[in-house]
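I opened this model to look up a few local features. My notes follow, entry by entry.

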Amino acid sequence: MPLPLHTLRNVAVVTGFVTLGGSAFFYKKIQDNLISGTYYTKSLTILKDHESARNLLGLPIKTKYIDMGDSFNRIDGNGGVAELAIPLRGSKHNGTLYTWSTRDAPGQDWTVQKVELKLKDSATSQTIYLRSAVESSED
C-alpha cells in the first residue's frame, strides 16, 4: 500500500531539518576545536601584543569563522604542522592572520613559527612574528 503524498512530504521536511541541524552542529564543533588549539590562541596573543598590527586593524579586533574550504588551512597533528588563515575584523580594517606552527610529537604543545597579517584591501602581508634561531635553540 503506497504512502499518501502528504506523509512523504512531511518525512522529507523533517529529514531536511534534521540534516541541516546536524550539519550546523558539527560545523560549530569543528570550529570550536580549531579555536581551542594553542596554535590559534598563541597566534592571536601575538597579534594582540603587536602595537602596529593593533593600530592597522583598529580595536576591538574580532575573529570570524575559519573557512574550512580554504586550502591554506591544514592541521596535521601527527606530522606536527598547523597552518591557519584566521579572518579578522577590526574597527578600521578587515584582514587575515596567517599562522604557521609546529610541534615535535603528538601531545606536545604547538610552537608558533611565523605570523603574518594581510589587510583585506592590501596586496601585501606584514610579518608580525618570526621565530628566531636563538629561540629555537633555547627550546
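**Proline 60.** I placed proline 60 in the loop between helix 3 (51-57) and strand 1. Helices (H or I, at least four residues) and strands (E, at least two) are DSSP runs, numbered from the N terminus. The peptide bond joining leucine 59 and proline 60 is cis, with omega about -5°. Most peptide bonds are trans.

**Ground rules.** The model is predicted, so local features need pLDDT of at least 70 and side-chain atom pairs count only at pLDDT 80 or more, while totals for chains, interfaces and linings use all residues. Residues are numbered from 1 along each chain as its sequence is written, and side-chain values use heavy atoms, with hydrogens and water left out.

**Helix 1 and helix 2.** How do helix 1 and helix 2 lie to each other? I found the axes of helix 1 (residues 5-35) and helix 2 (residues 38-49) within 6 Å, crossing at roughly 60°. Axes are lines fitted to C-alpha atoms, for helices over the stretch in contact, and angles run from 0 to 180 degrees between N-to-C directions. Helix 1 and helix 2 are therefore oblique to each other. Asn33, Leu34 and Ile35 of helix 1 make the contact with Tyr39, Tyr40 and Thr41 of helix 2. Contact means heavy atoms within 4.5 Å. For angles, under 35 degrees is roughly parallel, over 145 roughly antiparallel, 65 to 115 roughly perpendicular, and the rest oblique.

**Salt bridges.** I searched the whole structure and got four salt bridges. The term needs a side-chain nitrogen of Lys or Arg within 4 Å of a carboxyl oxygen of Asp or Glu. I noted these pairs, among them aspartate 32 with lysine 28 at 2.9 Å, N to O. Both lie in helix 1, four residues apart, about one turn of the helix.

Lysine 42 pairs with aspartate 109, the closest N and O atoms being 3.0 Å apart. This pair links distant parts of the chain, 67 residues apart: lysine 42 is in helix 2, and aspartate 109 is in the loop between strand 4 (94-102) and strand 5 (111-119).

Glutamate 83 meets arginine 74 at 3.4 Å, N to O. Is glutamate 83 buried or exposed? Glutamate 83 is buried, at 17% relative accessible area. Arginine 74 is partly exposed, at 40%. Buried means under 20% relative accessible area, exposed over 50%, partly exposed in between (1.4 Å probe, protein chains only).

**Tyrosine 65.** I found tyrosine 65 in the loop between strand 1 (62-63) and strand 2 (74-76). Tyrosine 65 is partly exposed, at 47% relative accessibility.
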